[in-house]
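Subject: Structure handover

Hello,

I am passing on the structure you will be working with. Please open it first, then read the notes below.

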Amino acid sequence: MSAEGAGVRTPGLRAHVVVAREHFAVDVEVEVAAGETIAVMGPSGAGKSTLLQTLAGLEPLTAGEITIEGRVVDRAAAPRVQTPPMNRGIVLLSQEPRLFPHLSVRENVAFGPRAAGVDAAAARDSADEWLVRVGLPGAGDRMPRELSGGEGQRVAVARALAAAPRAVLLDEPLVALDPETAGEIRRMLHDQLAGVTTIAVTHDAADAIALAARLLIVEAGRVTQSGPVREVLAAPASGFVASIAGVNRVIGVADGGAWRVGDVRLRSTDAAATARAAATGTPLAAVFRPDAVRLVTADTAEAWRSRIIRLEATLAGIRVHTALCQIDVSLSDAVGLAPGDEVHMHVDPTEVRFVAVD
């Protein structure tokens, strides 16, 4: 039986990255099996880019160790190891393609193989093959200045993968693209990164779902939640995760199989949620979508009340921000609502989950 078949993960990238920063230390452990893609998300300034820069060798370790396919490429403790970036086998793709402006598209893509000693003609042939794979057949003679933003990112991906890297690091490569182009590049990345050890930092849950099997949440330099992407988004452990998942996360306590905060009491039909709520007084978060909440009359059974803080226009209608949660309503249902108004709400127990609070 193979190691993989026996349940042993094939070594890919394993790291304990500790980097001292002005206000806090980034201290993140990450392990990616060979050929696996994981996503990393977190608030701005949480340390995500520092993590990638350190893995790529562009930022020194304060403590910790980085291993690629079983080979130590960086170690802070003695015996000190500090492999130069170009010798790590790690490629970092950022928001900007950063193509060599004086080289043609073909020569940009051929650069990695040629630097590794591949014959020039063979490297150019390989470059043309990669351009076909990323959706740019026949573009080899063009110059970087002649490319659109999306085309530049496609060439950057081709250049990175043509070098046969041991690992690829993506630092929000889609953030500067329009939604349609970003969707096209996302699909291309999904296809071309299959089987490549990858860490993708993103601000968009759609990227995480499309590209990755697992999701790490980094907040203030620490991993605060990790697991399969959809499981993390379905059970947010922090307000940040709730915001990217597009759900309400309201802190309260267990109350005999239900959930309570102040005068508000919610039930859930989910068996696991009900079990978590059995120990009365245990901190618990109620999770539900804004569009699951209904505005009701004051005499509706199990309704609760809260005051409107502000109203926000959305593509589908209006998002009503109250002191307790967010509610999505249609334009017609929002007529007459104003900040300061008291509203009554109800959410069906089938739409509610309870998750543990650390």
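Helix α1 (residues 48-55) is largely enclosed by the rest of the structure, because six of its eight residues are buried. The buried ones are K48, T50, L51, L52, T54 and L55. After α1 comes G57, which has a positive phi, near 90 degrees. Please keep in mind throughout that this is a predicted model.

Next, a pair of helices. The axes of α2 (residues 105-115) and α4 (residues 149-162) come within 7 Å of each other and cross at roughly 25 degrees. An angle under 35 degrees counts as roughly parallel, so α2 and α4 are roughly parallel to each other. The crossing of α2 past α4 is right-handed. On the α2 side the contact is made by V105, N108, V109 and P113, and on the α4 side by V155, A158, R159 and A162. Sorted by class, this contact has six nonpolar residues, one polar and one charged. As background to the spacing of such positions, an α-helix has 3.6 residues a turn, so residues three or four places apart point the same way.

Some backbone details in the loops are worth a look.

- The peptide bond joining A78 and P79 is cis, with omega at about -5 degrees. P79 sits in the loop between β5 (71-75) and β6 (81-82).
- E69 is not a glycine, yet its phi is positive, at about 50 degrees. This residue lies in the loop between β4 (63-68) and β5. E69 counts as partly exposed because its relative accessibility is 46%.
- A220, also a residue other than glycine, has a positive phi near 50 degrees. The loop that holds A220 runs between β10 (214-219) and β11 (222-228).

Two serines in loops follow.

Where is S238, and is it buried or exposed? S238 is in the loop between α7 (229-234) and α8 (239-245). With a relative accessible area of 12%, S238 is under the 20% cut-off and therefore buried. Setting aside neighbours within four places in sequence, S238 contacts E219 and R249. With E219 there is a polar contact from side chain to side chain, at 3.0 Å. The C-alpha atom of S238 is also 9.5 Å from that of I217, a residue 21 places away along the chain.

The other serine, S268, belongs to the loop between β14 (264-266) and α9 (271-276). Its relative accessible area is 9%, so S268 is buried as well. Which backbone atoms does the side chain of S268 reach? One is the backbone nitrogen of D270, at 3.1 Å. Another is the backbone oxygen of V352, which lies 2.6 Å from a polar atom of the S268 side chain. Leaving out neighbours within four places in sequence, the residues in contact with S268 are A273, T274, P349, V352, R353 and F354.

Regards

Notes
Residues are numbered from 1 along each chain as its sequence is written. This is a predicted model: local features need pLDDT of at least 70, side-chain atom pairs count only at pLDDT 80 or more; totals for chains, interfaces and linings use all residues. Side-chain values use heavy atoms; hydrogens and water are left out. Axes are lines fitted to C-alpha atoms, for helices over the stretch in contact, and angles run from 0 to 180 degrees between N-to-C directions. Helices (H or I, at least four residues) and strands (E, at least two) are DSSP runs, numbered from the N terminus. Angles under 35 degrees count as roughly parallel, over 145 as roughly antiparallel, 65 to 115 as roughly perpendicular and the rest as oblique. A crossing is left-handed if the near helix is turned anticlockwise from the far one by less than a right angle, and right-handed if clockwise. Contact means heavy atoms within 4.5 Å. Ala, Val, Leu, Ile, Met, Phe, Trp, Tyr, Cys and Pro count as nonpolar, Asp, Glu, Lys and Arg as charged, and the others, Gly among them, as polar. Buried means under 20% relative accessible area, exposed over 50%, partly exposed in between (1.4 Å probe, protein chains only). A polar contact is a pair of N or O atoms within 3.5 Å; within protein, one must be able to donate a hydrogen and the other to accept it, and residues adjacent in sequence count only if both atoms are side-chain atoms.
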